Amino acid sequence: MRRRRKLDEEHDNQERWLVSYADFITLLFAFFVVMYSLSSINEGKYRVLSDSLVQAFRNVTINDSGEQIVLPPVTVVTPPRPISPPATPAVDEEAESRRRATAQRMRSMADEIRRVLSPLTQAGQVNVTEGAFGVSVEINASLLFSPGEASLGPPAVAALQAVAQVLAPAEFPITVEGHTDALPISTFRFPSNWELSAVRASTVARLFIDNGVRADRLTAAGYADQRPVADNASEEGRGRNRRVTILIESRATDATPAGPTSIPADDPIRSILPPPPPASAED
């Protein structure tokens, strides 16, 4: 009986190594599973997990009795960074000063033109307006010319000479525009409204030159009936469309101011322009 018990004990001791072997194989399998999972883990999720574990272990402390206590995570509030105002572009003080000076000169010029043409502006025959690009002086053509003609009458000459005295000292570019209504014209001198509007603008420009305005500042343009300001179906609208507009641009020219300039006697333009009216005794 004693011998059989001994044999059973020896048999049990010989198979005990299987337990250790099974534990080793299990741990090795778990090791490779973990390695495989780490090789295909998302980097972003791994960082989140790593940070969470580090934070959790940092919050674990041991009290006086030897027990572990998990402290609540500490949230660090980062104060918002102050928002700096957008950088303002550097202002060129010299350019800004020139702009203000130019605007003031244009305003003074417009006021002076209104003053010298005060009776005509009150009668509604002249309209002086200021804009972002300069001053516009709109003169009704009935004040300057007879119907179908391009010769200036004495009242028109006196009014335009007053305007020329205001414009002569300045250096701003000037464009003289001639406009007509939509009624067709066909004469020996003016085959269409294009010729009539162009010659009317040139007549005003020539008077300005003869009264001290530099020729290099002037431009004469005829637009016929292509830029109406009113309906040509009515007589009132056609009357508004027959006009001469003097545009004084706010940009200054680079040319050096010169003395009064006149058109030479042999200039070809004199052959298509009407002769200037005789000067009055006051001139």
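1. In this note, a contact means heavy atoms within 4.5 Å. By that criterion, and not counting residues up to four places away in sequence, phenylalanine 208 touches Leu160, Val163, Ala164, Leu167, Val176, Val213, Leu218 and Ile246.

2. The model is a predicted one, in which local features need pLDDT of at least 70 and side-chain atom pairs count only at pLDDT 80 or more, while totals for chains, interfaces and linings use all residues. Residues are numbered from 1 along each chain as its sequence is written, and side-chain values use heavy atoms, with hydrogens and water left out.

3. The chain has nine helices and seven strands. Of the 283 residues in the chain, 28% are buried; buried stands for under 20% relative accessible area, exposed for over 50%, and partly exposed for values in between (1.4 Å probe, protein chains only). Among contacts with a separation of 6 or more, 68% are between residues 24 or more positions apart.

4. Phenylalanine 208 and Leu167 have the most contacts inside the largest nonpolar core, which has 38 residues. Such a core is a set of buried Ala, Val, Leu, Ile, Met, Phe, Trp, Tyr and Cys residues joined through side-chain atoms within 4.5 Å. At least two residues of this core come from each of H4, E3, E4, helix H6 (141-144), helix H7 (154-167), strand E5 (174-179), helix H8 (193-210) and E7. H7 gives the most, with eight residues. Another core, of five residues, lies apart from it and includes Ile185, Phe190, Leu196 and Val199.

5. Strand E4 has pairing partners in E3 and in strand E7 (residues 243-249). Two strands pair if DSSP finds at least two bridges between them. E3 and E4 run antiparallel and are joined by six bridges; they form a hairpin with two residues between them, and valine 128 stands opposite valine 137 in E4. The pairing of E4 with E7 is also antiparallel, over seven bridges, with glutamate 138 opposite threonine 245 in E7.

6. Leaving aside neighbours within four places in sequence, serine 136 is in contact with Asn127, Val128, Thr129, Thr245, Ile246 and Leu247. E4 itself is mostly covered, with five of its seven residues buried.

7. The second largest pocket has a volume of about 160 Å³. Its lining consists of Thr102, Ala103, Met106, Arg107, Glu130, Gly131, Ala132, Phe133, Gly134, Val135 and Ser250. A pocket is an open set of points on a 1 Å grid over the protein atoms alone, where a 1.4 Å probe fits, with protein on both sides within 12 Å along at least five of seven lines; lining residues have an atom within 4 Å of a point. Grid points are joined across faces, edges and corners, and the volume is the space filled by probe spheres set on the points. Helix H4 (93-116), strand E3 (126-131) and strand E4 (134-140) each supply at least two lining residues, and H4 has the largest share, four residues.

8. Alanine 224 lies in the loop between strand E6 (218-222) and helix H9 (235-241). Its phi is near 50°, a positive value in a residue other than glycine. With a relative accessible area of 1%, alanine 224 is buried.
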